[in-house]
Amino acid sequence: MNGLTITLIVIVVLIVLLVLWVVGAYNSLVDLRNRVANGWAQIDVQLKQRADLVPNLVETVKGYAGHESEVFQKVTEARARAVQAAQDGTPAERAQAEGQLGNALVNLQATAEAYPQLQANQNFMDLQNQLNQLEQKIAYARQFYNDVVQKFNTKIQSVPSNIIAGLFHFKEAQFFEAVDQDRIVPQVSFSK
């Protein structure tokens with residue numbers, strides 16, 4: 001073999017390796033992007049279940065604490081905002097709306113604690129257990145989503161995969177972050 005043939009073979013091998021690397025990096029980014037979408041869908045499922053449970057919980061508490069209309073109104077409004085954010089909101093808007101709903105539910109549960117006969121109601125207890133289980137699932141789904149977003153964003157920002165991400169217009173995903181109001185302990189008042 002002469003020097004030209006060896007040079008051509010080396011160039012062809014380098015081109016093949018480069019193409020394989022580009023394909024691998026692209027496929028890795030697509031995989032992570034799909035995991036982010038799946039993580040968001042899992043959060044969405046859990047939040048939808050919680051939104052569906054809220055009216056039943058409100059109606060049960062209303063039967064015992066009908067004069068607490070301000071609490072019921074806040075829960076209903078917060079649920080409506082959460083449903084609207086689920087339809088057309090960004091993760092940040094969704095997090096804010098869900099945080100407001102969570103705070104309203106804490107107030108609803110605190111209101112329910114003032115009524116011992118309600119605490120003994122099996123329907124209310126079942127609804128409250130379902131809500132607690134959903135809150136745990138939501139927390140897990142948020143954690144999973146944020147873990148995948150972190151991996152995806154790291155891949156987009158890291159050299160050399162950032163070159164492929166830029167060429168194919170991969171955009172960083174948003175974290176599902178708690179809004180400032182979620183970090184504040186809700187105030188509950190029992191005005192009668």
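Glu 98 and Arg 50 are both buried, where buried means under 20% relative accessible area, exposed means over 50%, and partly exposed lies in between (1.4 Å probe, protein chains only). Welcome to a predicted model, in which local features need pLDDT of at least 70 and side-chain atom pairs count only at pLDDT 80 or more, while totals for chains, interfaces and linings use all residues. Residues are numbered from 1 along each chain as its sequence is written, and side-chain values use heavy atoms, leaving out hydrogens and water.

**Salt bridges**

- The whole structure holds eight salt bridges, each being a side-chain nitrogen of Lys or Arg within 4 Å of a carboxyl oxygen of Asp or Glu.
- Glu 98 and Arg 50 meet in one of them, at 2.3 Å from N to O. Because Glu 98 lies in helix H3 and Arg 50 in helix H1, this pair ties together parts that are 48 residues apart in sequence. Helices here are DSSP runs (H or I, at least four residues), numbered from the N terminus.
- Asp 44 and Arg 94 form a salt bridge of 2.8 Å, N to O. This pair also links distant parts of the chain, with Asp 44 in helix H1 and Arg 94 in helix H3, 50 residues apart.
- Asp 44 counts as partly exposed because its relative accessibility is 30%, whereas Arg 94 counts as buried at 2%.
- Arg 94 has a salt bridge to Glu 98 as well, with the closest N and O atoms 3.5 Å apart. These two residues are four apart in helix H3, so about one helical turn separates them.
- Asp 44, Arg 50, Arg 94, Glu 98 and Glu 135 are linked in a network of salt bridges.

**Around Arg 94 and the aromatic rings**

- Leaving aside residues up to four places away in sequence, Arg 94 touches Trp 40, Asp 44, Leu 47, Ala 82, Ala 85, Ala 86 and Phe 176; contact means heavy atoms within 4.5 Å.
- Trp 40 and Phe 176 form a tilted aromatic pair, 5.5 Å centre to centre with 40° between the planes. Rings of Phe, Tyr and Trp (its six-membered ring) pair if their centres lie within 6.5 Å; planes under 30 degrees apart count as stacked, over 60 as edge-to-face and the rest as tilted.
- Five aromatic pairs are present in the structure, and one aromatic cluster is formed by Tyr 26, Phe 152, Phe 168 and Phe 170.

**Nonpolar cores**

- The largest nonpolar core has 24 residues, of which Leu 57, Val 61, Val 75, Leu 105 and Leu 108 touch the most other members. A core is a set of buried Ala, Val, Leu, Ile, Met, Phe, Trp, Tyr and Cys residues joined through side-chain atoms within 4.5 Å.
- H1, helix H2 (69-88), H3 and helix H5 (122-157) each give two or more residues to this core.
- Apart from this core lies another of 20 residues, among them Val 30, Ile 43, Ile 156 and Phe 176.

**Surface and backbone**

- A nonpolar surface patch of about 980 Å² includes Met 1, Ile 6, Ile 9 and Leu 20. Patch residues have over 30% relative accessible area and no salt bridge; like charges are joined within 9 Å, nonpolar side chains (Val, Leu, Ile, Met, Phe, Trp, Tyr) within 5 Å. Accessible areas come from the Shrake-Rupley method with a 1.4 Å probe; for residues, only the protein chains shown count as cover.
- The peptide bond from Val 159 to Pro 160 is cis, with omega near 5°, and Pro 160 sits in the loop between H5 and H6.
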